[in-house]
Amino acid sequence: MKAFPANEARRAAQFVFDKWNDLSAQAPKTFHSGNRENHITERFGMHMPKISLSQARLMGWWSYEEPSGESEVINGELKPKGRIRKDLVYKSNSGKVRIELIFEFKKLEATKSSCKVYRGTEGMRRFVDGDYAKGLPIAFMVGMLIGDASNCVQTLRRSLLSTAAKADLRMVSDACGELIRDPSAMFPGLAHFDTEHNRLAGSAPAHGTMLLSHMFVALPGPPAAVE
């Protein structure tokens, strides 16, 4: 963790946050809660590579909907195993340490069911179980907030402290015994909070745990129809 290129990661994350705000204002027909998650994130990801260098001086590259997984031979056929797609990824070799920063986007409402999806197998558990983000020390969950932002975040915080969430997500407390690290130490002023999770040995970084930083962006309702 000490060798992690934090400055470049912070610049990349800030760029994601800023461009989301810019583009959602410019393209309300795309950035709204009535559209599918992958419809929104794919178009957002398409836009990032052409402006990253000129606007943020980021020397790395972006990919979106990037496939991840392995394959194995079964009954004479090479078949995919654990195939999954990454919403948005920033990679760079510009420094002494290679960086790969994954941003996983999930819609989030102030309901128990929505929080369960956010922390479930299509959300946070992607980073905890299996080979997704294998060996990476840090990643982002990006909550696309539908409705009152404060209610959404507070409902999620309560959900993460439930007995089921603590077990499923193999959450690790900090030196003060806190499971939710607020404010974020890695991305102050950008991520609302961090959570840390034990991973299986084959998927974990060298120190054994992964840090998830939780960033939130607004996702308004569908724009009014023009008569």
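Modeller: Phe-44 has a relative accessibility of 1% and so counts as buried, the limit being under 20%. The model is a predicted one. Phe-44 pairs with Trp-20 in an edge-to-face arrangement, with 5.4 Å from centre to centre and 75° between the planes. Trp-20 is in helix α1 (residues 6-26) and Phe-44 in helix α2 (residues 37-56), so this pair ties together parts that lie 24 residues apart in sequence. Trp-20 is buried too, at a relative accessible area of 0%.

The crossing of α1 and α2 is right-handed. On the α1 side, the contact is made by Arg-11, Phe-15, Val-16, Lys-19, Trp-20 and Leu-23. On the α2 side, the residues are Ile-40, Phe-44, His-47, Met-48, Ile-51, Ser-52, Gln-55 and Ala-56. Sorted by type, the residues of this contact are 9 nonpolar, 3 polar and 2 charged.

Both Trp-20 and Phe-44 also touch Phe-105, a residue of strand β3 (residues 99-108). Phe-105 is buried, with a relative accessible area of 1%. Leaving aside residues up to four places away in sequence, Phe-105 also touches Val-16, Glu-37, Thr-41, Asp-87, Leu-88, Val-142 and Met-144. Between Phe-105 and Ala-191 there are 86 residues in sequence and 14 Å in space, taken from C-alpha to C-alpha.

The structure holds 12 aromatic pairs, and another of them joins Phe-140 and Phe-187. That pair is tilted, with 4.5 Å centre to centre and 55° between the planes. Phe-140 lies in strand β4 (residues 138-145), whereas Phe-187 lies in the loop between β5 (171-172) and β6 (193-198), so the pair ties together parts that are 47 residues apart in sequence. Phe-140 is buried at a relative accessible area of 0%, and Phe-187 counts as buried at 1% relative accessibility.

Phe-140 and Phe-187 belong to one aromatic cluster together with Phe-15, Trp-62, Tyr-90 and Phe-103. Phe-15 leads back to the helices, as one of the α1 residues in the contact with α2.

Key
Residues are numbered from 1 along each chain as its sequence is written. This is a predicted model: local features need pLDDT of at least 70, side-chain atom pairs count only at pLDDT 80 or more; totals for chains, interfaces and linings use all residues. Side-chain values use heavy atoms; hydrogens and water are left out. Rings of Phe, Tyr and Trp (its six-membered ring) pair if their centres lie within 6.5 Å; planes under 30 degrees apart count as stacked, over 60 as edge-to-face and the rest as tilted. Helices (H or I, at least four residues) and strands (E, at least two) are DSSP runs, numbered from the N terminus. Buried means under 20% relative accessible area, exposed over 50%, partly exposed in between (1.4 Å probe, protein chains only). A crossing is left-handed if the near helix is turned anticlockwise from the far one by less than a right angle, and right-handed if clockwise. Contact means heavy atoms within 4.5 Å. Ala, Val, Leu, Ile, Met, Phe, Trp, Tyr, Cys and Pro count as nonpolar, Asp, Glu, Lys and Arg as charged, and the others, Gly among them, as polar.
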